[in-house]
Amino acid sequence: MSGRDLFCQPRRVGRGAALTLVFAGVLVAGAATGSLPQQWGEGHPRSPGAAAPAPAGRAEAVTRAAEEAAADGKSPMEAAERAVSRSGDRWAAVYSEGEYEEFEDSLDGRYTGVGLEARRERDGRIEVTSVQAGSPAADAGVRAGDRLRSVDGRSVDGLPVTDVVSLLRGDAKDARAGTAVRLGLERGTRAWTETVRRVLLSTDSVAVHRLSGGITVITVAAFTKGVGDSVRGAVEHAPPGAGIVLDLRGNSGGLVTEAVTAASAFLDGGLVATYDVDGDQRVLHAEAGGDTVRPLVALVDGGTMSAAELLTGALQDRGRAVVVGSRTFGKGSVQMPRRLPDGSVAELTVGHYRTPSGRAVDGRGITPDLEADDGALKRAETVLSGLGDAS
């Protein structure tokens with residue numbers, strides 16, 4: 001389990017929302033911070049069959065509550081929060097204007113944090129796996145391999161990575177850039193404390209490296225702006241004929257347009273997904289001209305969510321990739337935002353998306369073709385060697 005202190009989720013994580021699928025700047029589905037189920041997020045979405053008011057009715061009720069509060073001189077945001085809590089909408093949330101602006105920054109690949117990436121070991125210890133160059137953590141001398149023992153005096157041993165990330169970011173305090181955070185660290189026999197200040201950082205959501213035999217591993221952390229083109233570029237520059245591993249483990253979702261562009265790197269047009277907005281059916285298509293020949297394995301786990309599940313489902317249903325790993329999170333509902341009278345934003349569920357074959361993802365997730373856990377990447381290499389040159 002691993003995670004980084006980037007803005008992979010709106011701050012009001014405790015209120016049910018998660019990092020969001022966005023259609024052309026309009027928010028639509030979700031993810032979270034720091035390694036949902038296994039990576040980013042906790043719990044499961046509501047069953048699609050559970051009784052609840054119709055999406056359009058929920059949205060109108062929340063908006064009406066906010067408008068009535070504004071007319072009475074009360075807080076529209078607080079009224080909307082109360083309406084959301086009564087609505088039964090598992091993924092709805094309300095954000096202040098500032099919180100929503102920060103969330104939009106995250107979709108541009110920017111986040112508030114200290115520049116750490118960490119994972120939880122089997123014994124419950126939290127180990128720093130990487131430190132972003134030029135970040136506050138790097139300037140303080142924190143290194144990969146250090147043990148993170150505490151954040152602001154609270155022990156992090158045994159905590160889910162999502163909780164550790166939340167502490168680093170200061171979610172409970174709505175901490176912004178410039179606020180201080182105290183890190184308890186350990187390296188060998190040395191234990192010490194460092195106080196650093198959170199800053200606005202940028203991250204590259206796509207990492208590429210090569211394995212033996214020319215296999216290219218393309219790791220996508222989240223579908224922020226530009227990720228789709230980065231994936232296409234990585235495919236175009238991969239060694240001719242060599243296989244590709246598309247690593248979507250722990251991917252917390254993001255912009256649906258970027259996920260569709262990424263799908264276009266491997267498909268020659270055709271259906272990527274269908275979705276509904278208040279009962280109105282819509283479709284998403286890949287662009288023509290993708291690489292349909294190169295062997296492809298998609299790696300997924302319980303932290304693969306939302307836009308990443310949409311992409312995985314398309315590649316699996318279209319017979320384009322062998323999916324390896326563990327069942328994905330199951331975030332297939334569609335949210336869209338509504339601006340409230342005080343500038344705050346209510347993000348409310350309006351529908352669900354389905355894979356090309358018509359499979360619903362919400363509450364179910366995507367089952368891999370081959371189950372694998374710790375040795376998933378090695379299993380992917382084995383699969384690619386067996387696939388050889390696809391035809």
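Is A321 buried or exposed? A321 is buried, since its relative accessible area is 9% and the cut-off for a buried residue is under 20%. The model described here is predicted. The protein chain has 391 residues, of which 54% are buried.

**The chain overall**
- Nine helices and 22 strands form the secondary structure of the protein chain.
- Among contacts in the protein chain with a separation of 6 or more, 69% join residues 24 or more positions apart.
- The protein chain exposes about 15,500 Å², and 47% of this area comes from carbon and sulfur atoms.

**The surroundings of A321**
- A321 lies in the loop that runs between helix 8 (307–317) and strand 19 (322–325).
- Leaving aside residues up to four places away in sequence, A321 touches L296, A298, L315, Q316 and D369.
- One of these residues, D369, is 48 residues from A321 in sequence, while the C-alpha to C-alpha distance between A321 and D369 is 9.4 Å.

**The packing of helix 6 and helix 7**
- Two packed helices are described by the distance between their axes and by the angle between those axes.
- Helix 6 spans residues 227–236 and helix 7 spans residues 256–264; their axes come within 7 Å and cross at roughly 15 degrees.
- Angles under 35 degrees count as roughly parallel, and helix 6 and helix 7 are therefore roughly parallel to each other.
- The crossing of helix 6 and helix 7 is right-handed.
- On the side of helix 6, the contact involves V227, G228, D229, V231 and R232, which meet E258, T261, A262 and S264 of helix 7.
- The residues of this contact between helix 6 and helix 7 comprise three nonpolar, three polar and three charged.

How values were computed: Residues are numbered from 1 along each chain as its sequence is written. This is a predicted model: local features need pLDDT of at least 70, side-chain atom pairs count only at pLDDT 80 or more; totals for chains, interfaces and linings use all residues. Side-chain values use heavy atoms; hydrogens and water are left out. Axes are lines fitted to C-alpha atoms, for helices over the stretch in contact, and angles run from 0 to 180 degrees between N-to-C directions. Helices (H or I, at least four residues) and strands (E, at least two) are DSSP runs, numbered from the N terminus. Angles under 35 degrees count as roughly parallel, over 145 as roughly antiparallel, 65 to 115 as roughly perpendicular and the rest as oblique. A crossing is left-handed if the near helix is turned anticlockwise from the far one by less than a right angle, and right-handed if clockwise. Contact means heavy atoms within 4.5 Å. Ala, Val, Leu, Ile, Met, Phe, Trp, Tyr, Cys and Pro count as nonpolar, Asp, Glu, Lys and Arg as charged, and the others, Gly among them, as polar. Buried means under 20% relative accessible area, exposed over 50%, partly exposed in between (1.4 Å probe, protein chains only). Accessible areas come from the Shrake-Rupley method with a 1.4 Å probe; for residues, only the protein chains shown count as cover.
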